[in-house]
Amino acid sequence: MSAGAPKRVLILGAGFGGLELMTRLSESVPDKVNVTLIDKCEAFMFGFSKLDVLIGRRPAAELWNPYRRIAKPGVEFRHETVVSIDPVHRRVVTDAGTYDADVLVVALGADYEVSATPGLEQDGYEFYSHAGAERARDALAAFSGGAVVIGVLGPFFKCPGAPNETALLVADYLASHGLRESSTIHLVSPLPMPIPISKKTSAAIEAILAERGIEYWPSSRVLRLDPERHVAHIEADRELAYDLFLGIPVHKAPDVVLASGLAEDGWIPVDPTTFATRYEGVFAVGDVTSAPVPRAGGIAEGEAVTVAEVLIAQLTGGAEPPPYDGAGACYVELGGNLVARIDVNFLSYDTPVAKLAGPSADFVEEKRRWGSTRAERWFGEANSRADV
Ligand SMILES: Cc1cc2nc3c(=O)[nH]c(=O)nc-3n(C[C@H](O)[C@H](O)[C@H](O)COP(=O)(O)OP(=O)(O)OC[C@H]3O[C@@H](n4cnc5c(N)ncnc54)[C@H](O)[C@@H]3O)c2cc1C
């Protein structure tokens, strides 16, 4: 990339990846870029805030960060839906216009395929979308005791810690509503252990689940729900009856990405050191890629930092930045007002690392700060909304 007129940087998706990337570029090279950030939503909500909605801890209305508050040099936000992406010509069509870019960054996250689990729509509740979290909250509020099944329905899902958090927060919720004694909680997952890259961290989480009376079913794939009998069919001919089924739906790349030619085997392949795709001037970050790292906000953010450094080096003629290291931290709520931190590093060593710190009440505040500092950076002070 050479000096001269500002480069047109088009960022598709204003989630963790898109927000961090536009902020870095605006902070570092505002006069060298014209950043256009596009999102189909009017506002951003942290993924973990959906658990607050689910258990009725905060109303959804308090947790939105409206994009109209973004006021950063060199950045323009557009509330539009991307309908086609041409990676060869770096041309994007939205429901409102056509954009040509010098640099295109796809940060469109992952969508859900509820229909991939027959019966889920009729008799269960996915709680990973905003609307789904509100529906599941109402179902939980109407629940009067019985079997709660939390099912992880696909092999890839956002935030490896979230299913465990959900089970533990639901346990707290039921206890505070006088329903814990009359209820069972089952956590069913296709993964062999809670955090597959660390036996030690997984064993610690499994011990906490057991202590709280949560029945953990690892290596168990839910095939379908039977809405008539309220039974989940699990591979190897097993059945599990439920009164309330809370599902983490099968994830997939957004249709507009699948139609673009960018994806292979369902996700966008990238060079994991720079997040360049195989198309010149086209990058992809976050949940939409098949990079060998978990789908998590902290990870998407780190990837966006890498892309920002690559672009800043190109724009300023600076030295090539170090490759992405796959490091990040993830907070896991364990109920009882305790939070643990899992520090991961996927790419710096021969094998990935996940170390558990806590649980401790101190991490409650650390997690709150983790969210609020990001919201302030992205949306401006006093406007930000993040919660634990
Ligand atoms: C219940 C839950 C708890 C979680 N807890 C944590 C946690 O504690 N820590 C953590 O690090 N991560 C957590 N996550 C995961 C985290 O939210 C995601 O991994 C992260 O948001 C991924 O960032 P991203 O930028 O790739 O995508 P996203 O943040 O999902 O952003 C993608 C954006 O693209 C937009 N978009 C999609 N399609 C279109 C289109 N066609 N046109 C225009 N815009 C479009 C979307 O509206 C969205 O704003 C959690 C997620 C959930 C659901």
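Helices (H or I, at least four residues) and strands (E, at least two) are DSSP runs, numbered from the N terminus. Keep that in mind as you select Pro 59, which sits in the loop between α2 and β4 (65-66).

**Before going on**

This is a predicted model: local features need pLDDT of at least 70, side-chain atom pairs count only at pLDDT 80 or more, and totals for chains, interfaces and linings use all residues. Residues are numbered from 1 along each chain as its sequence is written.

**Stop 1: around Pro 59**

Is Pro 59 buried or exposed? A residue is buried if 20 or more other C-beta atoms lie within 10 Å of its own, exposed if 12 or fewer, and partly exposed in between, with C-beta atoms placed from the backbone. Pro 59 is exposed, because it has 11 other C-beta atoms within 10 Å.

**Stop 2: the whole chain**

Zoom out and show the cartoon. The protein chain has 9 helices and 23 strands. Its C-alpha atoms fill a box of roughly 70 × 45 × 40 Å, taken along the principal axes. A compact globule of 388 residues would have a radius of gyration near 21 Å, and the protein chain agrees, with 21 Å. That radius is taken over C-alpha atoms, and the globule rule is 2.2 Å times the number of residues to the power 0.38. Of the 388 residues, 48% are buried.

Two residues are in contact if their C-beta atoms, placed from the backbone, lie within 7 Å. Among contacts between residues at least 6 apart in sequence, 64% join residues at least 24 apart.

**Stop 3: two domains**

Colour 7-111 + 252-324 + 367-379 as domain 1 and 113-251 as domain 2. These bounds come from an automatic or database domain assignment. Taken over C-alpha atoms, the centres of domain 1 and domain 2 are 30 Å apart. Where they meet, 15 residues of domain 1 are in contact with 22 residues of domain 2. On the domain 1 side, α2 supplies the largest share, 4 residues. That side has 9 nonpolar, 2 polar and 4 charged residues. Here Ala, Val, Leu, Ile, Met, Phe, Trp, Tyr, Cys and Pro count as nonpolar, Asp, Glu, Lys and Arg as charged, and the others, Gly among them, as polar.

**Stop 4: the ligand**

Which residues are closest to the ligand? Select Gly 13, Gly 15, Gly 47, Gly 109 and Gly 286: they are the closest of the 35 residues that surround the ligand. A residue belongs to this group if its C-beta atom, placed from the backbone, lies within 6 Å of the molecule. The elements giving two or more residues to this shell are α1 (16-28), β2 (33-39), α2 (49-54), α8 (297-316) and β21 (327-333). Domain 1 and domain 2 each contribute at least three residues to the shell. By class, it holds 19 nonpolar, 10 polar and 6 charged residues.

**Stop 5: the nonpolar core**

A nonpolar core is a set of buried Ala, Val, Leu, Ile, Met, Phe, Trp, Tyr and Cys residues joined through C-beta atoms within 7 Å. The largest one has 119 residues, and those with the most contacts inside it are Ile 11, Leu 12, Val 105, Val 106, Ile 268, Val 288 and Val 307. Its largest share, 8 residues, comes from α8. This core, too, draws at least three residues from each of domain 1 and domain 2.

Click on Val 307. Leaving aside neighbours within four places in sequence, Val 307 is in contact with Leu 21, Val 105, Phe 275, Phe 283 and Val 285.

**Stop 6: Arg 78**

Next, find Arg 78 in strand β5 (residues 75-79). Arg 78 is partly exposed, because 15 other C-beta atoms lie within 10 Å. Beyond its neighbours within four places in sequence, Arg 78 is in contact with Thr 36 and Ile 38.

**Stop 7: backbone details**

Most residues other than glycine have a negative phi, and most peptide bonds are trans. His 230, in the loop between β15 (222-226) and β16 (231-234), has a positive phi near 55°. Asp 237, in the loop between β16 and β17 (238-241), has a positive phi near 60°. His 230 counts as partly exposed because it has 19 C-beta neighbours inside 10 Å, and Asp 237 is exposed because it has 7.

Finish at Pro 359 in strand β23 (residues 353-360). A cis peptide bond joins Gly 358 and Pro 359, with omega about 10°.
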